[in-house]
Amino acid sequence: MSLSTSTLYLIVMVGIIAVITAVSVPSLFLKKCPKCGKRNLLNLDHCKACGAGLPDERQ
Ligand SMILES: [Zn+2]
């Protein structure tokens, strides 16, 4: 069994896209606490770590 260059290229590209997606998706669904930097779910009004008020980014 041998992979052609184009197949190997495709696998590498899919891998890169998967990594970028995995890194960027959490920031889409979580908002960062301005006080302690902890990521909280978008539906929370206050940081679960320090209790600081979270800004509403839904504009
Ligand atoms: Zn916090």
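**A nonpolar patch and a zinc site**

Leu 3, Leu 8, Tyr 9, Ile 11, Val 12, Met 13, Ile 16 and Ile 20 make a nonpolar surface patch of about 770 Å². Patches are made of residues with over 30% relative accessible area and no salt bridge, with like charges joined within 9 Å and nonpolar side chains (Val, Leu, Ile, Met, Phe, Trp, Tyr) within 5 Å; a salt bridge is a side-chain nitrogen of Lys or Arg within 4 Å of a carboxyl oxygen of Asp or Glu. Accessible areas come from the Shrake-Rupley method with a 1.4 Å probe, and for residues only the protein chains shown count as cover.

The model is predicted: local features need pLDDT of at least 70, side-chain atom pairs count only at pLDDT 80 or more, and totals for chains, interfaces and linings use all residues. Residues are numbered from 1 along each chain as its sequence is written, and side-chain values use heavy atoms, with hydrogens and water left out.

The zinc ion is held by the SG atoms of Cys 33, Cys 36, Cys 47 and Cys 50, at 2.2 to 2.3 Å. Donors are N, O and S atoms within 2.8 Å of the metal (3.2 Å for Na, K and Ca); water is not among the atoms, so sites may look incomplete. Along the chain the donors of the zinc ion are spaced C-x2-C-x10-C-x2-C. Cys 36, in the loop between strand 1 (30-32) and strand 2 (39-41), and Cys 47, in the segment after strand 2, are 11 residues apart, and this pair links distant parts of the chain. The arrangement is tetrahedral because the four donor atoms subtend angles of 107 to 116 degrees around the zinc ion; four donors count as tetrahedral if all angles lie between 85 and 135 degrees.

Cys 47 is buried at 5% relative accessible area, while Cys 36 is partly exposed at 40%. Buried means under 20%, exposed over 50%, and partly exposed in between (1.4 Å probe, protein chains only).

Ala 52 is also in the segment after strand 2 and is buried, at 15% relative accessibility. Leaving aside neighbours within four places in sequence, Ala 52 is in contact (heavy atoms within 4.5 Å) with residues including the zinc ligands Cys 33 and Cys 47. The C-alpha atoms of Ala 52 and Val 14 are separated by 39 Å.

Notes:
Tetrahedral: all angles 85-135°; square planar, octahedral: opposite > 155°, others 65-115°. Helix = DSSP H or I, 4+ residues; strand = E, 2+ residues; numbered from the N terminus.
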